[in-house]
Amino acid sequence: MLSPPLAATPTPFLLPAKSKSPLAAAPAAQQHPLLPYLPQCTTLRALAQLHAAAVKSGLQAHPAFVTRLLTLCTDQGAAKPAQLSYARQVFDRIPGPGDVVWYNTLLRGYARCSAAGGARPPAEEAARVFVRMLEEGVAPDTYTFVSLLKACAAARAGEEGRQAHGVAVKVGAAEHEYVLPTLINMYAECGDARAARTMFGRVDGECVVSYNAMITAAVRSSRPGEALVLFREMQAKGLKLTSVTLISVLSACALLGALELGRWIHEYVRKVQLDSLVKVNTALIDMYGKCGSLEDAISVFQGMESRDRQAWSVMIVAYANHSYGREAISLFEEMKKQGIKPDDVTFLGVLYACSHSGLVSEGLQYFDSMREFGLVPGIKHYGCVADLLARSGQLDRAYEFIDELPIKPTAILWRTLLSACGSRGDADLGKQVFERILELDDSHGGDYVIFSNLCANTGRWEEMNRVRKLMNEKGVVKVPGCSSIEVDNRVHEFFAGDGRHPKSLDARRMVDGVIEQLKLAGYVPNTSHVFHVEMGEEEKAVSLRYHSEKLAISFGLLNTSPGTTLRVVKNLRVCPDCHSMAKLVSMVFNRRIILRDLNRFHHFEDGVCSCGDYW
């Protein structure tokens, strides 16, 4: 798409001291008579009326007027599709080549505005403006490429971004200190990690912006370990950490459950006096919530002098993840009293809280109230309602809800119901749901395992064998369980049944010793979810013994002082036997255990779990 004719020998790229501004260049005597009225136009209608007056007086192409008009339409606080469309119409009607400032203003607007309705994606429109710019002989400057690449990044338009990069190379702009970090970010946002890394390697010197782009990209692509390596490189080089750095690293800590590193960052935030920034505090709340320290999340939230909608929403989600449904609802109601309008993320947190706390009627009422705020439910909101009904045992109603959705249900929605069928032992409905899932996605090993176990639990051995045969034929494998625990500022990972961790043998021995002590307190292995016809009860118990969460908990018992809280993160749903074992460990060893699995947090203390066994 970006293929205008270029000079055979392009001149080297030179950044002017200042971009030419028609507004600055126009003498006072030639100022547009309507210019003072532009800032008073707070609506698109008012802006259009003033523009009509300018057209009537023949002054619509006055440089100062056009510059201010385009700037108002594309301002960061008001870059909406309708206003951006109007700015484009104004721009298109200006005769002759425009000023570089006009092009840059439009491109900046496309970088800030996401596509809406049937409109073209912002990257495509930005590319059209850029092509016209080159065709009319207007030389792009640094700001041109920065805005164009940001528009491509926002729309995940990798192809347009690569072509823009090619033009930047031809005119000598690609290595500029402003353009290079934007290129890194563009490739990272578009999923091209190799290109982002290549561009990062071309950074000359110690560029904080480039490091920030790489760290943010690693977090967004679920590579938190890589983000922390880059963060430590920044520290080793003595680079100044910005709020962008800290927010991204806090997100990495949240993904890994690295609470101690998160606390160190919190102390650093206080030291450099960034604790007044709403976005930094919001990232801290999110980190503490996801790392299992709800009390710290509450403390940060309560200490904020001002809170935006995102801060309220993140705190509501934190309550929801920790099964504090009533508290989440109370905070939601307080948010509305403060005059802050909830968005789709806020409602997602409230619905999630109701689902995890068994608040069925409340959840359905909140779901119905979304339209009162002008919000259309998305697939995740529908998923929460399906989960709400399924967890409460209303399986048939959940099936009807999913089947009659106004949008096509995803495999994840059906998967939610399949899990509930497995818990409730409803093999007939489970079979229907399993078949619906296979129509959408037949590559997820967990689906086969759940339905196979359901068949075995209800004595449908022939069906069970058929499912396992199908699983083998398609080459589908179950995702191995992996649990991590942070000890002495290091995150240790354990996988079910294998010995990858250098201390796994010690952890296994500790598991053996722990189980022997738990048996004295009444522990009996829960083998109800182990379905192997050829296995006896003793063999089934052995197969459960070295699950990843048992290894992580035992490693924590072995390597921390008595009374220390153990915080474990698991990639899958905790199994019933490990759940029972964790409850007893908390009582026998007088330890508080906070376990984050795929769906929620479990707080084990004095032999009781916060989920009330409702999971």
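Reader: What percentage of the 615 residues in the chain is buried?

Author: This is a predicted model, in which local features need pLDDT of at least 70, side-chain atom pairs count only at pLDDT 80 or more, and totals for chains, interfaces and linings use all residues. Residues are numbered from 1 along each chain as its sequence is written, and side-chain values use heavy atoms, without hydrogens and water. Buried denotes under 20% relative accessible area, exposed over 50% and partly exposed in between, with a 1.4 Å probe and protein chains only. Of the 615 residues in the chain, the buried share is 51%.

Reader: Why is helix 9 largely enclosed by the rest of the structure?

Author: Helices are DSSP runs of H or I with at least four residues, numbered from the N terminus. Helix 9 spans residues 179–189, and its buried residues include Leu183, Ile184 and Tyr187. The helix is largely enclosed because the buried residues number ten of the eleven.

Reader: Which helices are included in what covers the buried residues of helix 9?

Author: The buried residues of helix 9 include Val179 and Glu189. Their cover includes helix 7 (142–154), helix 8 (158–170), helix 10 (193–201) and helix 11 (208–220).

Reader: Leaving aside neighbours within four places in sequence, which residues are in contact with tyrosine 268?

Author: Tyrosine 268 lies in helix 14 (residues 259–271) and is buried, at a relative accessible area of 19%. Its C-alpha atom is 9.5 Å from that of leucine 241, 27 residues apart along the chain. With contact taken as heavy atoms within 4.5 Å, and neighbours within four places in sequence left aside, the partners of tyrosine 268 are Leu241 and Leu246.

Notes. Helix = DSSP H or I, 4+ residues; strand = E, 2+ residues; numbered from the N terminus.
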